Amino acid sequence: MTTLKELVLANRSYRGYDESRRITREELLEMVDCARLTASSVNHQPLKFCLVCEKEPVRKIQSYTQWAKGLRNLTLPHPGKCPTAFIVICLDVRIDPNAARYQRDVGVAAQTILLKSTEMGLGGCMIGSYNAAGVKEALALPEHLTPQLVIAIGKPAETVVLTEPGPDGSVAYYRDENDIHYVPKRALADIVL
């Protein structure tokens with residue numbers, strides 16, 4: 001049995017995918033089914049999930065995203081390495097228009113989705129940099145649904161390595177000449193007060 005810590009360690013922000021591995025709606029439903037069971041502020045449950053796994057809608061959503069802004073000299077995903085599905089987390093403003101109140105809910109739901117995707121042998125990436133109006137239009141979302149976060153889903157096709165912060169304490173992620181993605185993590189002793 002896989003432990004939670006093993007899932008957390010395997011769950012990386014992937015920016016390269018095997019485009020031959022299509023993600024099904026049923027797989028996305030499994031991920032969202034786990035997310036719907038998590039806590040919600042005041043238990044209002046205002047989040048709705050748009051599942052995107054058909055090629056043309058996936059291509060449209062991809063065109064509205066910006067990846068790895070910390071790597072300004074790269075365009076990611078590389079050509080031919082795009083995700084094959086997205087889950088767009090939306091706020092139903094009919095339930096509550098105060099998006100700030102539910103940002104924790106969005107984070108909890110997104111992390112749960114990604115952990116479930118990891119358990120399924122897949123992976124993903126939370127994308128906070130995207131054109132919300134374009135995504136809303138591409139998905140023909142009704143007025144009462146506002147995109148809060150885009151999650152890419154696919155079969156990872158890149159290597160992500162956890163490492164120590166740089167000598168100067170930098171935790172900026174980087175790639176080497178072999179396109180391996182390194183993510184510095186602070187030590188436990190450095191974050192516990």
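# Side-chain contacts and exposure

Visitor: Does Arg36 count as buried or exposed, and what is its relative accessibility?

Guide: This is a predicted model, and the relative accessibility of Arg36 was computed from it.

Visitor: With which residue does Arg36 form a salt bridge?

Guide: The closest N and O atoms of the two partners are 2.4 Å apart, and a salt bridge requires such atoms to lie within 4 Å.

Visitor: How many salt bridges does a search of the whole structure find?

Guide: For the whole structure, the number of salt bridges found is 10.

Visitor: In which helix do Glu56 and Arg59 both lie?

Guide: The side chains of Glu56 and Arg59 meet in a salt bridge, with 2.5 Å from N to O. Glu56 is partly exposed, with a relative accessible area of 38%, and Arg59 is partly exposed as well, at 48%. The two residues stand three residues apart, about one turn of the helix, and the element that holds both is helix 3.

Visitor: Arg175 forms a salt bridge with which residue?

Guide: The closest N and O atoms of this pair are 2.7 Å apart. The pair links distant parts of the chain, 17 residues apart: Arg175 is in strand 6, and its partner is in the loop between strand 4 and strand 5.

Visitor: How many aromatic pairs does a search of the whole structure find, and what is the angle between the planes of Tyr17 and Trp67?

Guide: The search of the whole structure finds two aromatic pairs. Tyr17 and Trp67 form an edge-to-face pair, 6.4 Å centre to centre. Planes over 60 degrees apart count as edge-to-face, and here the angle is 70°.

Visitor: How many residues apart are Tyr17 and Trp67?

Guide: Tyr17 lies in the loop between helix 1 and helix 2, while Trp67 lies in the loop between helix 3 and strand 2. Tyr17 is buried, with a relative accessible area of 0%, and Trp67 counts as buried at 7%. Their pair links distant parts of the chain, and the separation in residues is 50.

Visitor: Why is the pair of Tyr174 and Tyr182 stacked?

Guide: Tyr174 is partly exposed at 38% relative accessible area, and Tyr182 is buried at 19%. Their ring centres are 5.1 Å apart. Planes under 30 degrees apart count as stacked, so the pair is stacked because its planes are at 15°.

Visitor: Over the face of which residue does Arg15 lie?

Guide: A charge sits over a ring when, among other conditions, CZ of Arg is within 6 Å of the ring centre. Arg15 is at 4.8 Å from the ring centre of Tyr173.

Visitor: Which residues make the nonpolar surface patch of about 320 Å²?

Guide: One of the residues in the patch is Ile191, found in helix 6. Ile191 is exposed, with a relative accessible area of 53%. The patch is made by Leu188, Ile191 and Val192.

Definitions and conventions. Residues numbered from 1 in each chain as written. Predicted model: local features only at pLDDT ≥ 70, side-chain atom pairs only at ≥ 80, totals over all residues. Heavy atoms only, no water. Patch = residues over 30% accessible without salt bridge, like charges linked within 9 Å, V, L, I, M, F, W, Y side chains within 5 Å. Areas by Shrake-Rupley, 256 points an atom, 1.4 Å probe, with all protein chains shown as cover. Helix = DSSP H or I, 4+ residues; strand = E, 2+ residues; numbered from the N terminus. Buried < 20%, exposed > 50% of the residue type's maximum accessible area, 1.4 Å probe, protein only. Phe/Tyr/Trp six-rings, centres within 6.5 Å; stacked < 30°, edge-to-face > 60°. Lys NZ or Arg CZ within 6 Å of the ring centre and 35° of its normal.
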